[in-house]
Amino acid sequence: MVYTIIAVAVLVVLLYFVITGQEVFGAEAKGERLKRMQQSAHYRDGQFQNLSETPSLAEGYSMPKVMFNFFFAKKNPLLKPLKNIPSIHTDLKNLPKYEDIFVWLGHSSYYIQTDGVSFLIDPVLSSYGSPFKFFNKAFSGADIFKPEDIPELDYLVITHDHYDHLDYPTVKAIKNKVKKVILPLGVGAHLERWGYQPEQLIEDEWGSEVVLKNDLKIIYTPARHFSGRKVKRNVTLWTSYVLETPTKKMFLGGDSGYDTHFKMIGEKYGPFDYAFMENGQYNEAWKYIHALPEDVIQASIEVKAKNIIPVHSSKFALALHAWNEPLEKVTKLGKDKNLNILTPMIGEPVDLNASDNKFRVWWKD
């Protein structure tokens, strides 16, 4: 009996290493990259740390309770849409280069073209947001953009290495279209394994400022989240960004729970013409790492955003709320606070120089 238990344990361990040894799981930092990570003020006890103490689960919740609810509790009938998500397949390759445009590609993926420079943020353009094709499939209609739709890019921007933000099939497929990659400490190890060259990578940490082409600048700013593509967490950094151009300022929020960093960013770098804010896949149980809608509103106020575009919804079911609840709640709460919440459909271009952008309530169609 003892030998059987040992054999099963060995088999499980071997299976784990065989599975996680696949390219999709990326690579761990080593050598000079690891040394640089260890020298970071945000790295302690073998992992990166948030600015504030950040438990995985909020008070009153346990992992068994959360897992039971996720897998066995009665699901919201609108957890997934009953019909195709409304979307528009804009031809990204033929957008006029002189126009300043934002195009949401679903979930947290979006394309920005401003001041003659192109950016692609957290692209997940395969039909699933996980390491496996059979898990976390995209909603129909939300998956209309594919890697082949992506034009030549000045900058690929990654906020952290979770599968619904750093998608191996997409990043691998667009490799030859990307000039430079902007990403937080440690994440470059994944991309190097996937064929990117070290000289392509701009890999830094909170507080760092990088001058880009055409006098643009990007600043690494804090987020309250976590990272990891395997069992071990927080061995790479997560980040938000401030993008400053000669004509506008934008906040690229990334995944984050609510914390004091939003006010700090607003006071130091704001006000912002646009803030792209995570709004979706939330739950009271994990409110410290994914903002609730009311937190999104408060954070938007604190970063001093003139226009707010909510992302991180409408493509995957990673939480237990209705698929359209994030947009329904954030627009109502935003209206109560007289905030300008912009809600384009997936693929619908937003003119970043217009002051009168209006969009229909498409999630009620």
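This briefing describes the fold, the nonpolar cores and selected local features of the structure above. The model is a predicted one. Its secondary structure comes to 8 helices and 15 strands. For 365 residues, a compact globule would have a radius of gyration near 21 Å, and the protein agrees with this at 20 Å.

**Overall dimensions and packing**

- Taken along the principal axes, the C-alpha atoms fill a box of roughly 70 × 50 × 40 Å.
- Buried residues make up 57% of the 365 residues of the protein.
- Among contacts with a separation of 6 or more, 70% are between residues 24 or more positions apart.

- An open sheet contains 7 strands in the order 8-7-6-5-4-3-15, and its pairing is mixed.
- The edges are formed by strand 8 (201-204) and strand 15 (350-351); each has a single partner strand, so one side of each is left without a neighbour in the sheet.
- Strand 15 pairs with strand 3 in the antiparallel sense, over 2 bridges.
- Within this part of the sheet, I101 stands opposite D351 of strand 15.
- As a general point, strands of a sheet pair through backbone hydrogen bonds, in either a parallel or an antiparallel manner.

**Nonpolar cores**

- In soluble globular proteins, nonpolar side chains tend to be buried together.
- The largest nonpolar core has 67 residues, and F119, L191 and L212 have the most contacts inside it.
- Strand 3 (residues 101-106) gives the most to this core, contributing 5 residues.
- A second, separate core has 18 residues, including Y269, V296, V303 and A305.
- With neighbours within four places in sequence left aside, L212 is in contact with F119, Y155, I182, I202, K217, I218 and L243.

- Strand 13 and strand 14 run parallel and are joined by 6 bridges.
- One of the paired positions is F272, whose bridge partner in strand 14 is A305.
- Strand 14 is mostly covered, with 6 of its 7 residues buried.
- The peptide bond between G270 and P271 is cis, with omega about -5°.
- P271 lies in the loop between helix 6 (261-269) and strand 13 (272-278).

**Helix 8**

- Helix 8 (residues 325-336) has 12 residues, which at 1.5 Å a residue should span 16 Å; its end C-alpha atoms are 17 Å apart, in agreement with that expectation.
- The buried residues of helix 8 are P326, L327, V330 and G334.
- Viewed down the helix axis, these buried residues fall within an arc of 90°, so they line one face of helix 8.
- The buried residues of helix 8 pack against helix 7 (293-302) and strand 14 (305-311).
- On the other side of helix 8, K332, K335 and D336 are exposed.
- Helix 8 is followed by N338, which has a positive phi near 60°.

- Most residues other than glycine have a negative phi, and most peptide bonds are trans.
- N214 is not a glycine, yet its phi is positive, at about 60°.
- The position of N214 is in the loop between strand 9 (209-211) and strand 10 (217-221).
- The relative accessibility of N214 is 42%, so N214 counts as partly exposed.
- D215, also a residue other than glycine, has a positive phi near 65°.
- D215 lies in the loop between strand 9 and strand 10.
- The relative accessibility of D215 is 68%, and D215 therefore counts as exposed.

**A buried loop residue, T239**

- T239 is placed in the loop between strand 10 and strand 11 (240-244).
- T239 has a relative accessibility of 2% and therefore counts as buried, the cut-off being under 20%.
- Not counting residues up to four places away in sequence, T239 touches I158, T159, P184, W206, Y220, T221, A223, G253 and G254.
- T239 and I265 are 26 residues apart in sequence, with 12 Å between their C-alpha atoms in space.

Methods:
Residues are numbered from 1 along each chain as its sequence is written. This is a predicted model: local features need pLDDT of at least 70, side-chain atom pairs count only at pLDDT 80 or more; totals for chains, interfaces and linings use all residues. Side-chain values use heavy atoms; hydrogens and water are left out. Helices (H or I, at least four residues) and strands (E, at least two) are DSSP runs, numbered from the N terminus. The expected span of a helix is 1.5 Å times one less than its number of residues. Buried means under 20% relative accessible area, exposed over 50%, partly exposed in between (1.4 Å probe, protein chains only). The arc is that of the directions from the helix axis to the C-beta atoms. Contact means heavy atoms within 4.5 Å. A nonpolar core is a set of buried Ala, Val, Leu, Ile, Met, Phe, Trp, Tyr and Cys residues joined through side-chain atoms within 4.5 Å. Two strands pair if DSSP finds at least two bridges between them. The radius of gyration is taken over C-alpha atoms; the globule rule is 2.2 Å times the number of residues to the power 0.38.
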